[in-house]
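Thanks for coming. I will take one structure today and go through it piece by piece. Please have a look at it first.

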Amino acid sequence: MFPDLFAYTWVLWLVIAVVAVVLELLTLSLVFAMIAVGSLVGGLGTWLLGWPVALQVVAAAVLSALLVFLIRPLLYRLLVHGRPRQLTNVDALAGMSARATASFVGGTGYARLANGETWTARLDETHEDAEVGIGARLTVVGIDGATAVVAPAAPPDPPGTGATP
């Protein structure tokens, strides 16, 4: 009357693989991808070979563990550590050029950064007494809360005075 439930363990392996893929898409840690591959190859593959359920579980677990501990570190190093860190948000502003939009009084004023944003700006400690007029070239040294810490940029070399090749 009832079908043999062990005849449908292939559905369980597919469900485990799909759930692992969804979790991998949410975490991007490569752990669940290795579990998905282990359940497909180890579990579903051994089901196709006609192995008993206990051996299917062992094969899936062993293969998943091997993938997590041997293959994942290599893939992770290749995908994540293989390229330089991309600076974003406030971290990307350091070193950016800027122009003073108002004269600095007491070391504070406003600066328009090269990306088009206008920030409240403060001169860094080594240039606190520098005269900064409207349109002066600045360089962002860092960010302190909602204030850009800037320094006067070095003036460009006049034409014809640069080093000759």
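Arg 99 stands opposite Arg 137, and Arg 137 belongs to strand β4. This is a predicted model, so please keep that in mind throughout. The strand pair around that point is β1, residues 97-100, and β4, residues 137-144. The two run antiparallel, and 3 bridges join them.

Strand β4 also pairs with β5, which covers residues 147-152. How many bridges join β4 to β5? There are 6, and these strands run antiparallel as well. One of the paired positions is Asp 144, whose bridge partner in β5 is Thr 147. Between β4 and β5 the hairpin has 2 residues. Gly 145 in this hairpin takes a positive phi, near 70°.

Now the helical part. Ser 39 is found in helix α2, which spans residues 31-48. Is Ser 39 buried or exposed? Its relative accessibility is 3%, and the cut-off for buried is under 20%, so Ser 39 counts as buried. What is Ser 39 in contact with, leaving aside neighbours within four places in sequence? The list is Trp 13, Ile 16, Ala 17, Leu 44, Ala 60 and Ser 64.

Next, the chain as a whole. It has 3 helices and 5 strands. Along the sequence the order is α-α-α-β-β-β-β-β. The radius of gyration is 30 Å, whereas the globule rule gives 15 Å for 165 residues, so the chain is more spread out than a compact globule. The C-alpha atoms fill a box of roughly 90 × 45 × 25 Å, taken along the principal axes.

On burial, 26% of the 165 residues in the chain are buried. The chain exposes about 11200 Å², and carbon and sulfur atoms supply 68% of that area. For contacts between residues at least 6 apart in sequence, 50% join residues at least 24 apart.

Last, the charges. The chain has 8 positive and 11 negative side chains. How far apart do the centres of the two sets lie? They lie 8 Å apart.

To go back over two places: Arg 99 faces Arg 137 across the β1 and β4 pair, and Ser 39 is buried in the model at 3% relative accessibility. That is all I have.

Notes
Residues are numbered from 1 along each chain as its sequence is written. This is a predicted model: local features need pLDDT of at least 70, side-chain atom pairs count only at pLDDT 80 or more; totals for chains, interfaces and linings use all residues. Side-chain values use heavy atoms; hydrogens and water are left out. Two strands pair if DSSP finds at least two bridges between them. Helices (H or I, at least four residues) and strands (E, at least two) are DSSP runs, numbered from the N terminus. The radius of gyration is taken over C-alpha atoms; the globule rule is 2.2 Å times the number of residues to the power 0.38. Buried means under 20% relative accessible area, exposed over 50%, partly exposed in between (1.4 Å probe, protein chains only). Contact means heavy atoms within 4.5 Å. Accessible areas come from the Shrake-Rupley method with a 1.4 Å probe; for residues, only the protein chains shown count as cover. Lys and Arg count as positive and Asp and Glu as negative; His and the chain ends are not counted. The place of a charge is taken as NZ of Lys, CZ of Arg, CG of Asp or CD of Glu.
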